[in-house]
Amino acid sequence: MLIRLILLALLFFLLPSCREQAPAPPSGPQELAVREALRKAEESLVAGRTGEAEAGFQEAFRSDPRSDRAAEGLSRAHFLLGNPARAIEWGQTATRLNPTSAAAWKSLARALDEAGRAADAVDAM
């Protein structure tokens, strides 16, 4: 039984066709456009132009729906716009896209705390 489990595990990890393949991240001009949208959105957020930042993060996320940076930025923007429910949604998206992102977990925790869910915020941190 143990040998069978080991063989199945080896097959799963060694044969890429056995796993669902994620689409490739954007490259070339599309990747540059995403990076530029993220840079401009961050600048807008720092300058206090939160609505403009939200639009920039949306543009980046539309261009690359796997961008945890764009999702995390949307979480921060919605938090600053006073919309903790949307901030939580985007924070959850960011943590799903990149479970190791400290920024994503911090944004999610801030939004949860703002929504009165302190226990969930502590769990997120």
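These questions and answers look at a predicted model of a protein and the reasons behind its labels.

Q: What makes up the protein, helices or strands?
A: The protein has seven helices and zero strands. Along the sequence the pattern reads α-α-α-α-α-α-α.

Q: Why is F61 called buried?
A: Buried means under 20% relative accessible area. F61 has 15% relative accessibility, so F61 counts as buried.

Q: Why is W90 called buried?
A: The cut-off is again under 20%. W90 has a relative accessible area of 10%, so W90 is buried. Across the protein, buried residues make up 34% of the 125 residues.

Q: How do you know that F61 and W90 form an aromatic pair?
A: Ring centres must lie within 6.5 Å. The centres of F61 and W90 are 4.9 Å apart, so the two rings form a pair. The count for the protein is one aromatic pair.

Q: Why is the pair of F61 and W90 called edge-to-face?
A: Planes over 60 degrees apart count as edge-to-face. Here the angle between the planes is 80 degrees, so the pair is edge-to-face.

Q: What makes this a link between distant parts of the chain?
A: F61 sits in helix α3, residues 50–63. W90 sits in helix α5, residues 84–97.

Q: What share of the contacts with a separation of 6 or more comes from residues 24 or more positions apart?
A: Such residues account for 44% of those contacts.

Q: How much of the accessible surface belongs to carbon and sulfur atoms?
A: The surface comes to about 8,000 Å², and 60% of it belongs to these atoms.

Definitions and conventions:
Residues numbered from 1 in each chain as written. Predicted model: local features only at pLDDT ≥ 70, side-chain atom pairs only at ≥ 80, totals over all residues. Heavy atoms only, no water. Helix = DSSP H or I, 4+ residues; strand = E, 2+ residues; numbered from the N terminus. Buried < 20%, exposed > 50% of the residue type's maximum accessible area, 1.4 Å probe, protein only. Contact = heavy atoms within 4.5 Å. Areas by Shrake-Rupley, 256 points an atom, 1.4 Å probe, with all protein chains shown as cover. Phe/Tyr/Trp six-rings, centres within 6.5 Å; stacked < 30°, edge-to-face > 60°.
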